[in-house]
Amino acid sequence: VDTFFHTYWMRTGDASGYETATGRATALVDAAARAGVRRIVYLSVANPALDSPYPYFRGKARVEAAIAASGVPAAIVRPALVFGGESPLLDNLAWVLRRAPVFAVAGDGRYRVRPVHLDDVTRLCVDAGATDDPTVTDAVGPDRPTYDELVTAVRHAVGSRTRIVHLPTGAVWAASRVIGGLLRDRVLTREELESTVEGLADTDGPPTGEVSVMAWIREHGAGLGTRYRRAHR
C-alpha cells in the first residue's frame with residue numbers, strides 16, 4: 001500500500017461509542033505504520049481539539065495526534081459541513097421545509113457555516129495523497145453564509161412558505177428528537193447542533209473548495225427534499 005486514505009469514523013454515538021471509534025481509528029494508524037505505507041491521508045473535522053467538550057471533535061484530535069506520533073508522513077483534511085452526493089445535510093433540510101409550517105433555527109441564526117461539496121473533499125484528499133509534505137487543510141467552500149442565510153436559500157429554492165422562527169438550542173434539540181422518533185432516524189445529534197451554534201462549522205481561512213453552496217442550492221432546488229435520506233444506518 002502506497003497511500004492509506006483513512007476515512008473510518010462514526011457520525012452518531014455517546015462518549016463511550018466515540019471512545020471505541022477513536023481506538024479503532026488509532027489501530028488503523030498503527031497497522032499502516034507497521035505495513036510501511038508511504039503516506040496517510042486522514043479525513044478529520046474542522047476545529048478538532050483535545051480539550052473539546054464534544055467527544056466527536058476530541059476523538060478526531062486524538063486520532064490526528066496518533067498519526068503525528070506514528071512517524072508516517074501524513075496529510076490531514078478537515079471538512080466542516082459536507083453537501084452533495086449522498087450527504088443528507090441539504091436534502092433533509094429541504095425535506096422539512098417542504099412539509100413543515102414552521103422551521104425552528106437554534107439561537108439567533110447568525111453563526112456562520114462553511115459547507116464544502118463532496119467532490120471538493122475528494123479532490124483535496126487525492127491531491128494530498130500525491131505529495132510527500134505534511135499538510136493540514138481545512139476543506140471549506142467559497143461561501144460563508146450564516147445559518148439563517150443557508151436555511152433561507154433552501155426555502156426559496158424549493159418554493160417553501162414555511163415560517164422560520166428562532167428558539168433556544170434546547171427547544172430545537174427536543175423538537176428534532178420528536179421528528180426523529182416519527183421518522184425512526186437520528187436526524188440530528190445534540191453535539192452537531194451545539195457545536196454548529198458555537199461556530200465550529202466555520203473557519204477563518206481561505207476557501208479550498210470550488211463549488212458554491214448557494215449556487216448549488218439554486219441549481220438543485222427542484223430536486224432537493226423530494227425524499228428523506230436516512231442519516232442513521
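**Helix packing and a glycine**

Modeller: Start with helix α5 (residues 147-157) and helix α8 (residues 213-220). Their axes come within 8 Å and cross at roughly 20°. The model is predicted.

Biologist: What makes α5 roughly parallel to α8?

Modeller: Angles under 35 degrees count as roughly parallel. The crossing is roughly 20°, so α5 is roughly parallel to α8. The crossing of these two helices is right-handed.

Biologist: Which residues of α5 and α8 meet?

Modeller: From α5, E149, L150, A153, V154 and A157. From α8, V213, M214 and I217. By class, the contact of α5 with α8 has 7 nonpolar, no polar and 1 charged residues.

Biologist: Now helix α3 (residues 89-99) against α5. Where do their axes come, and at what angle do they cross?

Modeller: The axes of α3 and α5 come within 9 Å and cross at roughly 65°.

Biologist: Why is α3 called roughly perpendicular to α5?

Modeller: The class covers 65 to 115 degrees. The α3 and α5 axes cross at roughly 65°, so α3 is roughly perpendicular to α5. The crossing of α3 and α5 is right-handed.

Biologist: Which residues make the contact of α3 and α5?

Modeller: L90, L93, A94 and L97 of α3, with Y147, L150, V151, V154 and R155 of α5. By class, this contact of α3 with α5 divides into 8 nonpolar, no polar and 1 charged. L150 and V154 of α5 also meet α8.

Biologist: How do you know that the span of helix α2 (residues 55-70) agrees with its 16 residues?

Modeller: The expected span is 1.5 Å times one less than the number of residues. For the 16 residues of α2 that should be 22 Å, and the end C-alpha atoms are 22 Å apart, so the two agree.

Biologist: Which residues in α2 are buried?

Modeller: P55, F57, G59, K60, A61, V63, E64, A66 and I67. Just after α2, G71 takes a positive phi of about 85°.

Biologist: On to G209. Where is its place?

Modeller: G209 is in the loop between α7 (190-197) and α8.

Biologist: Why is G209 called buried?

Modeller: Buried means under 20% relative accessible area. G209 has 8%, so G209 is buried.

Biologist: What does G209 touch, not counting residues up to four places away in sequence?

Modeller: D120, R123, V140, G141 and P142.

Biologist: How far is G209 from P48, by C-alpha atoms?

Modeller: Their C-alpha atoms are separated by 19 Å, and the two residues are 161 residues apart along the chain.

Notes:
Residues numbered from 1 in each chain as written. Predicted model: local features only at pLDDT ≥ 70, side-chain atom pairs only at ≥ 80, totals over all residues. Heavy atoms only, no water. Axes fitted to C-alpha atoms, helices over the stretch in contact; angles between N-to-C directions. Helix = DSSP H or I, 4+ residues; strand = E, 2+ residues; numbered from the N terminus. Parallel < 35°, antiparallel > 145°, perpendicular 65-115°, else oblique. Left-handed = near helix turned anticlockwise from the far one by under 90°. Contact = heavy atoms within 4.5 Å. Nonpolar A, V, L, I, M, F, W, Y, C, P; charged D, E, K, R; others polar. Buried < 20%, exposed > 50% of the residue type's maximum accessible area, 1.4 Å probe, protein only.
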